[in-house]
Amino acid sequence: MNESCHKETLPNILSIGAAVPDKVVTNEDLEKTLDTSDEWITSRTGIKHRHVLEEEEIPSSLGVDASREAIEESPVGPEDIDLVVVATNISDMPIPGTSPFIVNELGLSSDVPFFDLKAGCSGFLYAIDVAANMIKGKGYERILIIGLEALSRVVNWEDRSTCVLFGDGAGASVIGARGEGGRILSTSMFGDPSKAKLIRLEGGGTRLPPAEGSEDDERYYVRMEGKGVFKSAVNMMKRSSLNVLEDAGLALSDVDWIVPHQANIRIIKQLAKSLGVEMDRIIVNVEEYANTSTATIPLAFKEGLDEGSIEPGDVVLLTAFGAGAAYGATLLEW
Ligand code: COA
């Protein structure tokens, strides 16, 4: 790629780690407990399987496993991490967030600052943006970011319109001021709060506190306006994608791979059509993992690397949308 294309050089994604639970729930498994079918789920979403935590497993353990791999794969050690950002929409407990537990479990320095970041399914890309700017503006050097989700804990397994869509998983990256890996060319964060209730879990917060009998109340589970989400998703991912390209002075024709949020194959195909990009330039793994929210981008990116699709020098565009409605994109050269 031409060096003169860059307005400025941003930090690097040094590594990617990923973790999913061992337990797999297939569409056929869901047919046994729900009025649904493999045919309906596959044709509407492209999903065949999802990995789901067992009852006794703690969601943050996925973040720990993904982080261990990300640190091992990076040129730095646990002692070098100087900030931790955990993008997640659920927590092991309401207070504190999940980040201190992960920092503790990883045995990082007791001085390392940490925080949770809640930006729907766009959390991992928001975390990249925040980390890149903390490096540029505040002098941090090696930031561990984690996208961690266990939506299996907050969906209603009797609601066929939502539970079939989601899975559990985590991804992590070390973002460094310098080094090998993916050179970040541009990042963006956007939001449309007028769509705040498109995807929501109303119960359990201060407006609707936990209450007796809440297990029978749909407001205590994740719900969404499926068709509204679908329509907004394509526009949001397109806008953020074009924004990072313009910012970096590049065109879609310069992009080798697109890694979109893995919510639904039909949304991904519609995005490809809208951008005028062939599907063979898009990394897709929604069939195996379903929508793992903040974890979909690192899981798909890592798969693209592991199977040899994404190669050194490739320009990769990451784009996501989610609850909030928060959306964003990252452009990088691997
Ligand atoms: N199995 C069988 N039928 C189901 C079902 C399931 N798992 N889930 C819903 N249905 C039924 C509904 O009850 C409804 O029935 P009705 O017409 O009798 O009321 C019907 O299917 C709706 O079908 P359709 O209009 O074809 O649904 P759709 O094309 O809008 O697809 C989604 C539904 C959820 C797959 C689609 O809207 C979507 O993907 N939205 C985006 C969701 C998303 O990605 N959310 C996460 C964002 S981070």
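Which residue just after H5 takes a positive phi? Gly-139 does, at about 80°. This is a predicted model, in which local features need pLDDT of at least 70, side-chain atom pairs count only at pLDDT 80 or more, and totals for chains, interfaces and linings use all residues. Residues are numbered from 1 along each chain as its sequence is written, and side-chain values use heavy atoms, with hydrogens and water left out. Helices (H or I, at least four residues) and strands (E, at least two) are DSSP runs, numbered from the N terminus.

**Helix H5**

- Helix H5 covers residues 123-138, 16 residues in total.
- From first C-alpha to last, H5 reaches 21 Å, close to the 22 Å expected at 1.5 Å a residue; the expected span is 1.5 Å times one less than the number of residues.

- Strand S13 (residues 326-333) is mostly covered, with eight of its eight residues buried.
- On one side of S13 the buried residues are Ala-326, Gly-328, Thr-330 and Leu-332, and on the other they are Tyr-327, Ala-329, Leu-331 and Glu-333.
- S13 runs antiparallel to strand S8 (residues 182-191), to which eight bridges join it; two strands pair if DSSP finds at least two bridges between them.
- S12 and S13 also run antiparallel, joined by eight bridges.
- Glu-333 of S13 is the bridge partner of Arg-183, and Val-315 stands opposite Glu-333 as well.
- The hairpin of S12 and S13 has three residues between the strands, and in it Gly-324 takes a positive phi near 135°.

**Cavity and pocket**

- The whole structure holds one cavity of 30 Å³ or more. On a 1 Å grid over the protein atoms alone, a cavity is a set of points where a 1.4 Å probe fits but cannot get out, while a pocket is an open set with protein on both sides within 12 Å along at least five of seven lines; lining residues have an atom within 4 Å of a point.
- The largest cavity has a volume of about 50 Å³, where a volume is the space filled by probe spheres set on grid points that are joined across faces, edges and corners.
- Its lining consists of Lys-195, Leu-198, Ile-199, Val-229, Ser-232, Ala-233, Met-236, Phe-321, Gly-322, Ala-323, Gly-324 and Ala-325.
- Helix H7 (226-248) and strand S12 (315-322) each supply at least two of the lining residues of the largest cavity, and H7 gives the most, with four.
- By class, the cavity lining has eight nonpolar, three polar and one charged residues. Ala, Val, Leu, Ile, Met, Phe, Trp, Tyr, Cys and Pro count as nonpolar, Asp, Glu, Lys and Arg as charged, and the others, Gly among them, as polar.
- The second largest pocket contains about 300 Å³ of space.
- Residues lining the second largest pocket include Lys-23, Asp-29, Glu-54, Arg-153 and Trp-157; the lining divides into five nonpolar, two polar and five charged.

**Backbone exceptions**

- Most residues other than glycine have a negative phi, and most peptide bonds are trans.
- A cis peptide bond joins Ile-95 and Pro-96, with omega about -5°; Pro-96 sits in the loop between S4 and helix H4 (99-106).
- Gly-324 and Ala-325 are also joined by a cis peptide bond, with omega about -5°, and Ala-325 is in the loop between S12 and S13.
- Ala-290, not a glycine, has a positive phi of about 60°. Ala-290 lies in the loop between helix H9 (286-289) and helix H10 (296-306) and is buried, at 1% relative accessible area.
- Ser-293 has a positive phi near 55°; its place is in the loop between H9 and H10, and it is buried at 2%.

- A search of the whole structure finds zero disulfides (pairs of cysteine sulfur atoms within 2.5 Å).
- Cys-121 is in no disulfide, and the nearest cysteine sulfur, that of Cys-163, is 16 Å away.
- Cys-121 is buried, with a relative accessible area of 10%, and Cys-163 is buried at 0%.
- Val-86 lies in strand S4 (residues 83-87) and is buried, with a relative accessible area of 0%.
- Val-86 and Ala-295 are 209 residues apart in sequence and 11 Å apart in space, C-alpha to C-alpha.

Definitions and conventions:
Buried < 20%, exposed > 50% of the residue type's maximum accessible area, 1.4 Å probe, protein only.
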